[in-house]
Amino acid sequence: MPKPRTFGLWLHPHAPAEVSTGRPRAVHWAYRSGADPADFERVADVSLGGDYQEPISGPKLSRFGVVGDPKRQSYGMGGPFRFYADFTRKCRSCGEEFTFSAREQVFWYEELSASNDAAAVRCRACRRGPQALRRAQATWDEARRAWRASSSTETTLALASAGLTLLRSGGATPRILDELVGALRGAMRDDAESAALLGWSARVELARGRHAAAQTLAAEFLARSGESPDEGVVALRSALEAELGAAEPD
Ligand SMILES: [Zn+2]
């Protein structure tokens, strides 16, 4: 077996990672991503055996991304990806910059076996937009039908969840939040014990930009749900904590 040789791990803000002895060459990168080779930066030394299939190794590479496994990739002239690092692209649909993350790349090239010449051209939201919207709309229609037929704690929680999802997929105006508040308040009058109703009310108030009201409801929810191991409550708690952490005060 040939002795391992030392290469550089080169990263570029807008292009897939590259492993090579010298600065990546223009021809290759113009073809693969349009990246300017001058912007590649050598961030670490790595080892690579003589076998083309052999993955790279080196010190603390997880700091920079994920080591690729050429055996799991379908590659052509450009060769395998030996290393994945986050890089930034401009979305072809909405024009916003988005990160094509190392983990997503592993999924594309090694789980889905996408060609190494294919890369994400749209941001996550634009990729999932139309599908997600159709799904969110169908879930909302069904939830509202069920809630109108019988407004219980159960159907109200489903309504609140479907409403927030629809709003976030761009399928509703913020007016939907007023409908959710009405439904949640009605349900809380009938079921004053439910922690979940409080939690969802807090999320809806946050979505309306009412931070103080959301804080109050969230505190009640946390006090009432305590250390409940109920899966729904645990998920609600972590979602709420994340949203409260991200929200701007009134
Ligand atoms: Zn986009």
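Two residues are in contact if their C-beta atoms, placed from the backbone, lie within 7 Å. The legends below describe a predicted model.

**View 1. Trp 140 and its contacts.** Trp 140 sits in helix α3, which covers residues 124-149. By the contact criterion, Trp 140 touches Ala 162, Gly 163 and Leu 166, with residues up to four places away in sequence not counted. Is Trp 140 buried or exposed? Trp 140 has 23 other C-beta atoms within 10 Å, so it is buried; the cut-off for that class is 20 or more. Glu 227 lies 87 residues from Trp 140 along the chain, and their C-alpha atoms are separated by 30 Å.

**View 2. The three-stranded sheet.** Three strands form an open sheet in the order β2-β1-β3, and the pairing is antiparallel. β2 (15-20) and β3 (41-48) are the edge strands, each pairing on one side only. From one strand to the next, the twist averages 25°. Strands of a sheet pair through backbone hydrogen bonds, either parallel or antiparallel. Here β1 (residues 5-12) and β3 run antiparallel, joined by seven bridges.

**View 3. The largest nonpolar core.** This core holds 31 residues. Which of them touch the most other members? They are Ala 160, Leu 184, Ala 202 and Val 204. Two or more residues come from each of α3, α4 (153-168), α5 (175-190), α6 (195-207), α7 (211-225) and α8 (231-246). α6 gives the most, with nine residues. Take Ala 202: its contacts are Ala 214, Leu 217, Ala 218, Phe 221 and Leu 240, leaving aside neighbours within four places in sequence. A second, separate core has 22 residues, including Phe 7, Trp 10, Phe 83 and Phe 87. In soluble globular proteins, nonpolar side chains tend to be buried together.

**View 4. Helix α4 against helix α6.** The two axes come within 10 Å and cross at roughly 25°. Angles under 35 degrees count as roughly parallel, and α4 and α6 are therefore roughly parallel to each other. The crossing of α4 past α6 is left-handed. On the α4 side, the contact is made by Thr 153, Thr 156, Leu 157, Ala 160, Leu 164 and Leu 167. On the α6 side, Ala 196, Leu 197, Trp 200, Arg 203, Val 204 and Ala 207 take part.

Note on methods:
Residues are numbered from 1 along each chain as its sequence is written. This is a predicted model: local features need pLDDT of at least 70, side-chain atom pairs count only at pLDDT 80 or more; totals for chains, interfaces and linings use all residues. Two strands pair if DSSP finds at least two bridges between them. Helices (H or I, at least four residues) and strands (E, at least two) are DSSP runs, numbered from the N terminus. Axes are lines fitted to C-alpha atoms, for helices over the stretch in contact, and angles run from 0 to 180 degrees between N-to-C directions. A residue is buried if 20 or more other C-beta atoms lie within 10 Å of its own, exposed if 12 or fewer, and partly exposed in between; C-beta atoms are placed from the backbone. A nonpolar core is a set of buried Ala, Val, Leu, Ile, Met, Phe, Trp, Tyr and Cys residues joined through C-beta atoms within 7 Å. Angles under 35 degrees count as roughly parallel, over 145 as roughly antiparallel, 65 to 115 as roughly perpendicular and the rest as oblique. A crossing is left-handed if the near helix is turned anticlockwise from the far one by less than a right angle, and right-handed if clockwise.
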